[in-house]
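Please read the explanation below alongside the sequence and the coordinates.

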Amino acid sequence: MSWRNVMVGYLACAELPEHSNHSLHEPFHSLILEKSASSTSCHYCDKPFKDDYAYTCSQCAFYMHISCFLIPLPTIKCDGEDVQYICHEDPMTLVEHGDEENVRKKCFACQLPWSSPAYPCKTCENYLHKSCAQLPRTIRHPSHSQHSLTLQVSKPTSCDLCFKKDCRLIFSCHGNGCDFELDTKCAFLQPNLKCRSHNHLLSLVENAACDNIRCNACQKSYEEWFNQVRLPNEVHFSHSFFRCIDCDFNLHFLCGPLPSTIKYSYHIHRLALVDSLIEEDFGEYYCDACEEGRNPQFRVYNCADCKYIVHAHCLISEIMKVLKEDTKGVKLRALGESRWDEFGTEIESEEEPEGLNSNLSNNEKAGVDVKEFLTMRDIMDKLNESEKKKLSQPFSSSNYITALFSMFREESLRLFDHKGCTEDISRGIHDFFSFDGWSLIGFVWELENFTAAEGLKLDEVYLGTKIEDVSGYMVPRPLAPILRTLIHKYGNLGGRPDLTQEMKSVASTLLCTVIEKMGRTKVEDITKDSIQAWCFQIQGISIVAGFGLGWLQNALKELIRPFIGCEAIRFKTDAAKKLHRRMAELRAELERCERNCEKIEAFDSSTSDVLRECMSLGSKLKWKYACHNLF
């Protein structure tokens, strides 16, 4: 810390009260101005202290920078459900028309520029739009239905729905062990959109801070797309996404539940939503509305009769109009769901499966469909200890198999892990060039003998999901279309004679989750971890349930060669980038060295008389001892 900052700090402290309080601190005891410990962080900005003064309360472990303490925050005064905002101890009163100075201000709640009418503070720049100020004291929200949410002024915090981080007027629930917060816009956004691959309604969140949120459909975040060399237009246009707070289930706007057909005023026919469209006759792909390029990997709206193709973002106004109106009767499809359309919506028998209703009352058995009550958690709870053990350890390996697995795993680690320095790249070039048929056999053997430490485990998101009967197999409703399609194509899954209904349900659910994940993963996005997990799960399901899954095992084996090919292409591309980057660094370093050599060569002519004299004496006396001038 510089002496100037120290002096400023002392002057500031000299003018501040030693004891005070703050609206963000419960007023049971006051804050004390004292030197803070460097290990603590500020309650307001979350930044650490650097051995400077702060307002502290050791009883509450509350610490605040002086600069943060001085930030003016409005407070809320309530008279029943009526809300009054106070700032600098004065009520903030409604102003119908502002002056030119107000244009620079931003609303304390929504951070948008000034617009009249508004509630300004007479002393500072704080103000609230009329629409932002006239909020109820408490609300109920379906994403936190167990408690009401209370309006409060907060330190900058993150909204649990849109992820914006500078929310200072929020609806929150912090009691009863909860930590739930919504900004004033999201607090009135209701989940109202159905998604066939998820059990709850989704909210469409616009202009969200969701760059690093991974999409459950495409398995990527906006940030990962932005890091690509060429950013697809399809990704760039939208920071909106679909979200279920309860399950932390998120879908990019383009990957989410969009209308399966749409009417476009510039085309005579309705356009159908397709997940990807590759025209084999062309090497380049264009949108017929904006005439700009399109990426064939992304969803588009298409008229097959006219071969008319339009970006989804070119139809954004038409799409948003549909989504913001009543969607009852509108078929919405998320990415990957159309794969199950042909057979996935058949009406199944209402007959109650045997063995699943023993925990229900007689009244429930007599008059109500079992599907209205059972969830996957209910079924998991009915598994006996032997069945649970089978799921946690579907097969075991001998010491010999384990040793061989470790050997092959060591070889594949060298092949698939080349994220380090250029020396690793040299090793990677050797490993890929030497990859042959024996290497492939070893890799397949490793996949077939991999064992997951957690065993066969259901995804948490499906445990609370209601089940549906599909030809006698009870699976979570979002997975039912997948199972119908599989049964239609490959027939009954079969099973061991002693297979209980509960184990049959768990095994078929595990199978559908594998298919669902495979259906959402492009070949180029397959990782060693994912293909390893799929192999283990499919083999484990076959063992514990006796399902005939040869067709799936063969399909997975067919993925191994293209997976290795994509890894090699990825390594080649990444290695070339790293080597070119390293060469550029070395060239820059070489140029710096050359410039310094030129300076050295010009050293004698540019040195001062004093330095030349010093150099002459140094050359003359360098062989003498330091005491030569004493005797």
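This is a predicted model: local features need pLDDT of at least 70, side-chain atom pairs count only at pLDDT 80 or more; totals for chains, interfaces and linings use all residues.

Residues are numbered from 1 along each chain as its sequence is written, and side-chain values use heavy atoms, with hydrogens and water left out.

Helices here are DSSP runs of H or I with at least four residues, and strands are runs of E with at least two, both numbered from the N terminus. Helix H9 (residues 385–392) packs against helix H15 (residues 501–519) at an angle of about 20°, and their axes are 11 Å apart. H9 is therefore roughly parallel to H15, a term for angles under 35 degrees. Axes are lines fitted to C-alpha atoms over the stretch in contact, and angles run from 0 to 180 degrees between N-to-C directions. From H9, the contact (heavy atoms within 4.5 Å) is made by Glu 387, Lys 390 and Leu 391, and from H15 by Met 503, Val 506 and Leu 510.

Ile 487 belongs to helix H14 (residues 480–490). Ile 487 has a relative accessible area of 16% and is therefore buried, the term for values under 20% with a 1.4 Å probe and protein chains only. Leaving aside neighbours within four places in sequence, Ile 487 is in contact with Val 470, Ser 471, Tyr 473 and Asn 492. Val 470 lies 17 residues from Ile 487 along the chain, and their C-alpha atoms are separated by 9.0 Å.

An unreviewed UniProt entry annotates residues 569–603 as "coiled-coil region". In the model, this span is 97% helix and 0% strand, and its end C-alpha atoms lie 51 Å apart.

How values were computed:
Angles under 35 degrees count as roughly parallel, over 145 as roughly antiparallel, 65 to 115 as roughly perpendicular and the rest as oblique. UniProt positions are given in the numbering used here, feature names are shortened, and annotations may be inferred rather than shown by experiment. Buried means under 20% relative accessible area, exposed over 50%, partly exposed in between (1.4 Å probe, protein chains only).
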